[in-house]
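Reader: I would like to learn how to read a few features of a model. Please take them one by one.

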Amino acid sequence: MASVEIQNVQKHYGSFHALNDINLSVEEGEFVVMVGPSGCGKSTLLKTIAGLETVTSGQLLIKGRDVTRLEPGDRGIAMVFQSYALYPHMTVAENMGFGLRMAGRPKTQIDAAVARAAKILRLEEQLDKKPKQMSGGQRQRVAIGRAITRSPDVFLFDEPLSNLDAALRTQMRVELSTLHAELGSTMIYVTHDQVEAMTMASRIVVLNRGRIEQVGTPLDLYSNPANLFVAGFLGAPRMNFVTGKVVEAQGRSARIVCAGGLGVALDDLVQPAAIGEAVTIGIRPEKLRINDAGSAIAFGGQVRLTEYLGRETILYVDAGDLVTTGSDSGTGAFTAQIGEIRPFQTAAPVSIAFDARDAYLFAADGRTISSPKPVARL
Ligand SMILES: Nc1ncnc2c1ncn2[C@@H]1O[C@H](COP(=O)(O)OP(=O)(O)OP(=O)(O)O)[C@@H](O)[C@H]1O
Ligand SMILES: [Mg+2]
């Protein structure tokens, strides 16, 4: 039985459609991560599952039970927000036991649940403190502890780590993954953070304008994005996109020419291309190389900016008429990610190369019509 079943859910605010025909089945024990641009409906979807928002139409089932019209407290869920929303005048222990106290549970049961959560979250020494005496990471742990004490069927997290600094985020990310493994509970988690999505999720749901674009394992979505949107959304730095036209097409093969005369020939298209069709070629920054000849496809450019990140170098390269759309630089420069530290002079000429087998091809409607040939799967 699915843990959470979302069936044909719509959420309208007046004439604005925040959620459009959402269908998703989350299995028991899954860690589902929802990503998407700001305003795409992630929080709205989480709130409809929690019962903090009503649905305009559609159904929500939790453990097979129709909860669509139930109050939040009756749904068997617990939600953790970005703002910890702790009661400042209560101790950690009182904060964690609050939900159970409101539900009128006996004190012995509340104490046991708080002690168990404190042990899991390593908050045993902090139980008598007030929130203001704690760090951001500790406070967020208390908020998670408050969710754990209620033993929910489903945990809902809305960007719980986004107020924390980078080091603490990493630590909490590991702790949350460990917590998920220990509790085995179903978790639905919203984040803006690519690393959180890629590392924590058993499946990622990509939302865009209130619709689901694609659902799949992190590696599957990264390697086989269904469309240009998903390809551009997952991956940091972002995929480079170049528009072009199909100049030759035969069977499942096509030759595409882009601005500046760059030609790319691709085989194994999922559907035949038409001569004259406007298409987009996609190539991930880690697949661009420097000063490489041979069978690769190459083009010349100028170094605009170099970022040294310790174990790799990110290079932004202007290539004249050949511009990328929707690039990280926002100005048409290509992004190349080079797995070593190499010095580059600003404005120096560089030759950039890639292999056709690493390229994606997207049809005019955005659908993926060719993906890199699969490498060994995990
Ligand atoms: N109560 C409301 N009334 C009207 N519109 C709303 C309401 N709540 C949300 N919206 C709209 O619904 C859309 C989705 O909002 P939502 O908060 O779900 O986005 P989000 O994906 O969580 O974004 P973010 O990443 O910025 O948190 C937005 O365009 C927002 O303006
Ligand atoms: Mg939100």
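Reader: What lies 2.7 Å from an oxygen atom of ligand 1 in the side chain of Lys 42?

Author: A polar contact is a pair of N or O atoms within 3.5 Å; within protein, one must be able to donate a hydrogen and the other to accept it, and residues adjacent in sequence count only if both atoms are side-chain atoms. Here an N or O atom of the Lys 42 side chain is 2.7 Å from an oxygen atom of ligand 1. A polar backbone atom of Gly 39 is 2.8 Å from a ligand oxygen, and for a side-chain N or O atom of His 192 the distance is 3.2 Å. This is a predicted model, in which local features need pLDDT of at least 70, side-chain atom pairs count only at pLDDT 80 or more, and totals for chains, interfaces and linings use all residues. Residues are numbered from 1 along each chain as its sequence is written, chains are lettered from A and ligands numbered from 1 in the order in which they are written, and side-chain values use heavy atoms, with hydrogens and water left out.

Reader: Which residues come nearest to ligand 1?

Author: Ser 38, Gly 39, Lys 42, Ser 43 and Thr 44 do, out of 13 residues around the ligand (a heavy atom within 4 Å).

Reader: How is the packing of two helices described?

Author: By the angle between their axes and the distance between the axes. Axes are lines fitted to C-alpha atoms, for helices over the stretch in contact, and angles run from 0 to 180 degrees between N-to-C directions. Helices (H or I, at least four residues) and strands (E, at least two) are DSSP runs, numbered from the N terminus. H4 (residues 136-149) and H5 (residues 166-183) pack at about 20 degrees, their axes 11 Å apart. H4 is therefore roughly parallel to H5 (angles under 35 degrees; over 145 is roughly antiparallel, 65 to 115 roughly perpendicular, the rest oblique).

Reader: What are the angle and the axis distance for H2 and H3?

Author: H2 (residues 92-102) packs against H3 (residues 107-120) at about 130 degrees, with axes 9 Å apart. That angle makes H2 oblique to H3. Ala 93, Met 96, Gly 97, Leu 100 and Arg 101 of H2 meet Ile 110, Ala 113, Val 114, Ala 117 and Ala 118 of H3 (contact: heavy atoms within 4.5 Å).

Reader: Where is the cis peptide bond of Pro 237, and what loop holds that residue?

Author: The cis bond joins Ala 236 to Pro 237, with omega about 0 degrees. Pro 237 sits in the loop between helix H8 (228-233) and strand E11 (240-250).
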